[in-house]
Amino acid sequence: MSNFTPFLAALPKCEHHLHIEGSLSPATLFKLAKSNNIALPADDPAFQSIETLQARYERFTSLDDFLGYYYIGMRTLLTVSDFETLGYEYFQKAHADGVHHAEIFFDPQAHTERGVAYNTVVEGLTAAQRRAEADFGVTSKLILCFLRHMTADEAGKTYQEASALGHFSDGTVAGIGLDSSEVGNPPEIFREVYMSAKDAGLRRTAHAGEEGDSTYISRALDLCHVERIDHGIHLVDDMELLKRVAANKTLITMCPLSNVRLRCVTKVAELPIRTFLDNGVRFSINSDDPAYFGGYILDNYLAVQDAFTLNVAEWKSIAVAAIEGSWCEDDRKAVLLKKVDECVEQFADLQ
Ligand code: HPA
Ligand code: ZN
């Protein structure tokens with residue numbers, strides 16, 4: 001344990017890059033498979049036990065290798081109650097790690113495709129959000145992600161379904177995102193749905209520059225008008241673009257342990273955290289798919305500290321950027337900024 005551990009545990013956090021389906025632990029996966037009578041792949045020895053599945057998660061070779069397991073795992077989620085439990089268990093862990101505000105991705109197409117209704121997912125997640133706010137004071141938003149391995153037409157249908165239920169106009173869903181297999185599925189394929197979202201006043205983000213090169217980032221910004229970039233680690237390959245992202249205060253939602261597990265980098269120290277700090281690129285640190293990548297948000301903070309030995313002022317700048325880049329209301333941001341000030345004051349002497 002580093003002498004920074006108590007400080008990093010106490011530091012008020014915002015999480016912006018968390019796939020709720022990626023918080024499904026192997027234990028819950030097996031439990032739900034049994035109670036919901038869902039067959040797991042008999043021909044894959046990884047599914048023999050919780051332990052063998054956990055061990056397999058430590059050997060992902062790429063984003064697609066992970067996604068194969070991610071989509072199998074979520075097949076065990078069927079009912080409103082399953083989604084509420086999934087969401088609430090995440091909030092419990094996030095609260096214990098010092099998260100005060102969370103903006104959560106969900107993948108409706110991965111559920112509707114297998115016969116689970118869009119609204120079953122959203123009803124369960126919104127119930128979890130309400131309970132988390134009442135029990136822990138954690139505020140949250142939902143971000144509807146489109147699966148980029150599916151077509152623009154299919155994304156459009158999902159957008160229409162959410163829109164027809166009033167989920168955009170009533171704030172149930174705050175924004176849209178884009179995830180799944182990146183390379184070969186560039187963001188501009190989904191330009192039309194992004195433009196509809198912009199016209200409707202929705203927030204917009206996209207995974208870009210995780211496995212894809214830096215043009216995936218510029219195309220998401222220029223052609224889809226996204227306000228945030230998820231992962232964005234390839235931004236350092238185009239310093240002109242990096243300077244533009246810094247000047248525009250575009251938030252990059254980094255996921256250190258995910259990048260190591262999916263072999264985007266061999267170790268956390270290879271991530272461009274120092275370059276981002278030195279050039280004023282705003283970023284937050286997040287857990288992505290914590291049940292699959294070996295840690296929740298605090299584990300990611302600690303891994304960054306281990307690799308970069310940041311000081312209190314640098315951590316304060318990260319915590320402040322995370323709050324300012326959040327999509328919550330200004331009065332909520334003011335409350336969170338004050339909490340960060342108080343925490344930093346308490347640990348001011350930390351070296
Ligand atoms: N990248 C792309 N798609 C995803 C991820 C990710 O890290 N996690 C869940 N879906
Ligand atoms: Zn992600």
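**Reading the zinc site and Glu210**

Visitor: Is aspartate 288 buried or exposed?

Guide: Aspartate 288 counts as buried, at 2% relative accessibility, where buried means under 20% relative accessible area, exposed over 50% and partly exposed in between, with a 1.4 Å probe and protein chains only. This is a predicted model, in which local features need pLDDT of at least 70 and side-chain atom pairs pLDDT 80 or more, while totals for chains, interfaces and linings use all residues. Residues are numbered from 1 along each chain as its sequence is written, chains are lettered from A and ligands numbered from 1 in the order written, and side-chain values use heavy atoms, without hydrogens or water.

Visitor: Which residues coordinate the zinc ion (ligand 2)?

Guide: Donors are N, O and S atoms within 2.8 Å of the metal (3.2 Å for Na, K and Ca), and sites may look incomplete because water is not among the atoms. Here His17, His19 and His207, each through NE2, and Asp288 through OD coordinate the zinc ion (ligand 2) at 2.0 to 2.3 Å, with the sequence spacing H-x1-H-x187-H-x80-D. Histidine 19, in the loop between β1 (13–15) and α2 (26–35), is 269 residues apart from aspartate 288, in the loop between β8 (283–285) and α14 (290–293); helices (H or I, at least four residues) and strands (E, at least two) are DSSP runs numbered from the N terminus. Histidine 19 is buried too, with a relative accessible area of 4%.

Visitor: Where does glutamate 210 lie, and what does it touch?

Guide: Contact means heavy atoms within 4.5 Å. Glutamate 210, in the loop between β5 (203–208) and α10 (214–224), is buried at 3% relative accessible area, and the residues it touches, not counting those up to four places away in sequence, include His231, Cys264 and Asp288.
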